[in-house]
Amino acid sequence: PRTVRLASGFDMPLVGLGTWKSMDGVVGDAVKAAIRCGYRHIDCAHCYDNEAEIGAALKELFDSGEIRRDELFVVSKLWNTKHEQRDVERALRHTLAQLQLEYLDLYLVHWPMAFARTEGVAENFPRRADGSGPMWDFEAPRADGSPGDVPLEETWRGMEAAVRAGLTRSIGASNFNQAQLAAIDYVQVSTKSGIPIAVNQVESHPLLPQTSLLDFCRARKIVVTAYSPLGSPDNVRARTDSDPSLLGDAGIAAIGASYGKSAAQVLVRFHTQRGVVAIPKSKTPAYMAANLDTFDLELSEAHMAELEAMGAAKPFRYGPNGGAKGHPRFPWPEYFDSPEEAAARAAREAAREAD
């Protein structure tokens, strides 16, 4: 299959175009090229600062008759400054205006931790008085004087309201761990909303197969989307010379050669064969087409096991997110622990189990 059925009842294409780090002047042409070579799923976000150009590209294609709105699956994400329930709908309406759409197919909470609330939409990373940042939600009270901390449950109620308002067909999460997914799943049950968590989007690739999280999500009918499925090769800002290269990995290349496919095609198929959505980013039409031309590939059980085992012993993250560890809802603090912090964390967990 080329699509996966969401718990909300809608079908989501298994391969989409990622737009993170796609700059103005490039992203519009990339979106048009992707749609022209067969993509029907575009992944966006407010904080990527490129939704206006994507919207102009989509309108051009709609106006020319090359594609209809109902043929596309468009995703965007609620940014960290808009977690208060009162802000969710307004943030989504801004995204719709930028994309020139009447509704989204999927709207995700971009991160489980919130920044300090901002009134407008331009300031994505609020700063403290000394210029440091980002400033967290709990560091300043709300407008009514109540504590600034924004529970996940409150944000999720705003997401549910967006579905009821017809602004998005499905809702989900991004960068949530299992406990955080359970927290908003509880809201679904307790409010009897009938609006399920459709998707959890996380970094994933053979060095970070997310096996445990995938099993958790499958049991709850939550579809997983993998960002950076090729290992984020263009993330120059975060990459170091010592980082492993998935596209340059000899083992992955050998697997691809045995099927007449490239390493990138193997990496995309690694996800979709597990029922995981992959959103590789490219601005080159030939690479876009190749990433989509993977559904005829059936990786053997041995090759799937080999790929999944690459990150089993020591997972590797390309995302430079350790700076957010100061928030209590940062989803994977243990990954960025120093040796001393890791030892202290292990001691706390051992003490908790002993109790």
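Residues are termed buried when their relative accessible area is under 20%, exposed when it is over 50%, and partly exposed in between, as computed with a 1.4 Å probe on protein chains only. By this criterion, buried residues make up 53% of the 355 residues in the protein chain. The structure is a predicted model, in which local features need pLDDT of at least 70 and side-chain atom pairs count only at pLDDT 80 or more, whereas totals for chains, interfaces and linings use all residues. Residues are numbered from 1 along each chain as its sequence is written, and side-chain values use heavy atoms, with hydrogens and water left out.

The secondary structure of the chain comprises 11 helices and 10 strands, assigned as DSSP runs (helices H or I, at least four residues; strands E, at least two) and numbered from the N terminus. The radius of gyration, taken over C-alpha atoms, is 20 Å, close to the 20 Å that the globule rule (2.2 Å times the number of residues to the power 0.38) gives for 355 residues, so the chain is as compact as a globular protein of that length. Along the principal axes, the C-alpha atoms fill a box of roughly 60 × 55 × 45 Å. With contact defined as heavy atoms within 4.5 Å, 74% of the contacts between residues at least 6 apart in sequence join residues at least 24 apart.

In soluble globular proteins, nonpolar side chains tend to be buried together. A nonpolar core is here a set of buried Ala, Val, Leu, Ile, Met, Phe, Trp, Tyr and Cys residues joined through side-chain atoms within 4.5 Å. The largest such core contains 86 residues, of which Met 12 and Val 31 touch the most other members. Not counting residues up to four places away in sequence, Val 31 touches Leu 17, Thr 19, Ile 42, Ile 54, Ala 57 and Leu 58. Another core, of 11 residues, lies apart from the largest one and includes Ala 45, Met 113, Phe 115 and Trp 136.

Val 31 is also one of the buried residues of helix H1. This helix (residues 27–36) is mostly covered, with 8 of its 10 residues buried. The cover over these buried residues includes strand E3 (17–18), strand E4 (41–43), helix H2 (51–64) and helix H9 (285–292). H1 is followed by Gly 38, whose phi is positive, near 115°.

Of its 18 lining residues, the closest to the centre are Gln 210, Ser 212, Leu 213, Arg 317 and Glu 334. Helix H5 (178–190) and helix H6 (211–219) each supply at least two lining residues, and H6 gives the most, with 3.

Gln 210 is found in the loop between E8 and H6 and is buried, with a relative accessible area of 17%. Its phi is near 60°, a positive value in a residue other than glycine. His 205 is placed in the loop between strand E8 (197–203) and H6 and is buried, at a relative accessible area of 0%. Residues touching His 205 include Ser 228, Leu 246, Phe 270, His 271 and Tyr 318.

Lys 221, in the loop between H6 and strand E9 (223–227), has a positive phi of about 60° although it is not a glycine. Lys 221 counts as exposed, at 64% relative accessibility. The peptide bond from Gly 133 to Pro 134 is cis, with omega near 5°, and Pro 134 lies in the loop between strand E6 (104–109) and helix H4 (152–164).

Conventions: 1 Å grid on protein atoms, 1.4 Å probe; cavity = no way out; pocket = protein on both sides within 12 Å on 5 of 7 lines; lining within 4 Å.
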